[in-house]
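Please keep the sequence and the structure in view while reading the points below.

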Amino acid sequence: MKILIIGGSGFLGTELVRQAVAVGWETAATYHSRPSSTAGASWHPLDLRVPGRIDAMLAAIAPVAVINATSGGSDWAVTADGAIHLAMAAEKRGCRLVHVSSDAVFSGSRIHYDETCLPDPVTPYGAAKAAAETAVRLLAPAAAVARTSLIIGHGRSVHERTVHALAADPHDGVLFTDDIRCPVHVEDLAAALRELAVSDGAGMFHLAGADALSRHDLGVLIAQRDGLDACRLPAGRRADSLLPGALDVRLDSRATQGRVHTRLRGAQEFLHVRDGERTVP
């Protein structure tokens, strides 16, 4: 199996590379600014804004499958146009494509979203992600598009680092009690994406955890796991702030869970602290 992981130096990409190498896949990965320190993979610089480089890379590496795990944020040229260029190149080269999308494509107006729900984004990032997944499904009909939620794992995620920073200085921000998502562990997400890469499943998939939690409740679980004082974590309401974005978005992954073997654990399970045990980030 020869796989190419776009965005291999990111949080999710690093775990994808680690797992692919561990199972013996011939693994190539891309980076924008610097490669990851993960051994066993070949590393290649790539700017998704340059279509010709994407096609040349696929021609040189000749992967069987490509997983697009990059995150360009609200940069339309990367998140939307880059995904479009990649889909066109993958379809041209006959590569299996797995595209990672986000629950940011939803407004939160209906709260619960399954794989049949159409995007209705309310932020620039959500709009870019929605455009990307729509284009991918049009340009590469055999591709798998996988929406996910907050990605957690081993203390290295953005949310985990934020919790540690707030536990040290509660005046430096706030964790919202009304901003609700379905967090997923990075190991579960990467394993499920690898499953999709070797399958022929097409269309939309939801890869999120089983538990719906506010960012503050999630922060409390992280603090308890890591031996921090959860009482120091500041709480507030996103609805009272000026920040744009959906409040309550819960990805329903039950249909997808029936199609993949990887069990998508809820945060209550993967952040649970057993007696005498504690995770050291």
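Val64 counts as partly exposed, at 47% relative accessibility; here buried means under 20% relative accessible area, exposed means over 50%, and partly exposed lies in between (1.4 Å probe, protein chains only). The model is predicted, so local features need pLDDT of at least 70 and side-chain atom pairs count only at pLDDT 80 or more, whereas totals for chains, interfaces and linings use all residues. Residues are numbered from 1 along each chain as its sequence is written, and side-chain values use heavy atoms, with hydrogens and water left out.

**The surroundings of Val64**

- Val64 lies in the loop between helix H2 (51–61) and strand S4 (65–68); helices (H or I, at least four residues) and strands (E, at least two) are DSSP runs, numbered from the N terminus.
- Together with Met1 and Val198, Val64 makes a nonpolar surface patch of about 250 Å².
- Patches consist of residues with over 30% relative accessible area and no salt bridge, where like charges are joined within 9 Å and nonpolar side chains (Val, Leu, Ile, Met, Phe, Trp, Tyr) within 5 Å.
- Accessible areas come from the Shrake-Rupley method with a 1.4 Å probe, and for residues only the protein chains shown count as cover.

**The sheet**

- Seven strands form an open sheet with parallel pairing, in the order S3-S2-S1-S4-S5-S7-S12; two strands pair if DSSP finds at least two bridges between them.
- The edge strands, each pairing on one side only, are S3 (42–45) and S12 (203–207).
- Strand S7 (residues 144–148) runs parallel to S12 and is joined to S12 by five bridges; Ala144 stands opposite Gly203, and Arg147 stands opposite His206.
- Five bridges also join S7 to strand S5 (residues 96–102), again in parallel, and His99 has Val145 as its bridge partner in S7.
- In a regular strand the side chains alternate between the two faces of the sheet.
- In S7, Ala144, Ala146 and Thr148 point one way while Val145 and Arg147 point the other way, and all are buried.
- S12 is largely enclosed by the rest of the structure, because five of its five residues are buried.

- Helix H1 (residues 11–22) has twelve residues and spans 17 Å from its first C-alpha to its last, close to the expected 16 Å; the expected span is 1.5 Å times one less than the number of residues.
- The buried residues of H1 include Leu12, Leu16 and Val17, and H1 is followed by Gly24, whose phi is positive, near 90°.
- Helix H7 (residues 186–197) also has twelve residues and reaches 16 Å, close to the 16 Å expected.
- H7 is mostly covered, with eleven of its twelve residues buried.

**Salt bridges**

- The whole structure holds 17 salt bridges, each being a side-chain nitrogen of Lys or Arg within 4 Å of a carboxyl oxygen of Asp or Glu.
- Lys2 forms a salt bridge with Glu26, with the closest N and O atoms 3.8 Å apart.
- This pair links distant parts of the chain, since Lys2 is in strand S1 (residues 2–6) and Glu26 in strand S2 (residues 26–31), 24 residues apart.
- Arg215 forms a salt bridge with Asp179, at 3.1 Å between the closest N and O atoms.
- Arg215 is partly exposed at 21% relative accessibility, whereas Asp179 is buried at 0%.
- A network of salt bridges links Asp103, Asp179, Arg181, Arg215 and Arg238.
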